[in-house]
Amino acid sequence: MPGTGLWRTKSVEQSISDTDEPDTKLRRNLSAWDLTVFGVAVVIGAGIFTLTARTAGDFAGPSVSLAFVLAAIACALA
């Protein structure tokens, strides 16, 4: 019996039938502009993570783990 709330489940048969509907198919709608913007965003994101790790290692020292936990809390609050 499928549960309700947090522990609810869906049968495999229901999942397959949901994807067979034509309105739920993924379409290829990305243009060259979309791919270019996506590529730039990936490069900037990778740079941010690299810079963050380097800065945390230089300034936080052995408490790098604590620094990342505090950064995660700040991001969650934002």
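Visitor: How many helices and strands make up the secondary structure of the protein?

Guide: This is a predicted model, and its secondary structure comes to three helices and zero strands. Along the sequence the pattern reads α-α-α.

Visitor: What makes residues 32-59 count as helix α2?

Guide: A helix here is a DSSP run of at least four residues. Residues 32-59 give 28 residues, so the run qualifies as a helix.

Visitor: How do you know what span is expected for α2?

Guide: The expected span is 1.5 Å times one less than the number of residues. For α2 that comes to 40 Å, and the helix reaches 40 Å from its first C-alpha to its last. After α2 comes Gly 61, with a positive phi near 60 degrees.

Visitor: Why are Leu 66, Val 69, Leu 70, Ile 73 and Leu 77 called a nonpolar patch?

Guide: Val, Leu and Ile are among the side chains that count as nonpolar, and a patch joins such side chains within 5 Å when each residue has over 30% relative accessible area and no salt bridge. These five form such a patch, with about 520 Å² of accessible area together. Leu 70, one of them, is found in helix α3 (residues 64-77).

Visitor: Which residues does UniProt list as "transmembrane region"?

Guide: The unreviewed entry lists 35-53 and 59-77. In the model, residues 35-53 are 100% helix, with end C-alpha atoms 27 Å apart. Residues 59-77 are 79% helix and 0% strand, and their end C-alpha atoms are 23 Å apart.

Visitor: Where is confidence lowest, and where is it highest?

Guide: Helix α1 (residues 12-19) is lowest, at a mean of 78, and α2 is highest, at 83. For the protein, the mean pLDDT is 78, and 85% of residues reach 70 or more.

How values were computed. Residues are numbered from 1 along each chain as its sequence is written. This is a predicted model: local features need pLDDT of at least 70, side-chain atom pairs count only at pLDDT 80 or more; totals for chains, interfaces and linings use all residues. Side-chain values use heavy atoms; hydrogens and water are left out. Helices (H or I, at least four residues) and strands (E, at least two) are DSSP runs, numbered from the N terminus. pLDDT is the predictor's confidence in each residue, from 0 to 100. Patches are made of residues with over 30% relative accessible area and no salt bridge: like charges are joined within 9 Å, nonpolar side chains (Val, Leu, Ile, Met, Phe, Trp, Tyr) within 5 Å. Accessible areas come from the Shrake-Rupley method with a 1.4 Å probe; for residues, only the protein chains shown count as cover. A salt bridge is a side-chain nitrogen of Lys or Arg within 4 Å of a carboxyl oxygen of Asp or Glu. UniProt positions are given in the numbering used here, feature names are shortened, and annotations may be inferred rather than shown by experiment.
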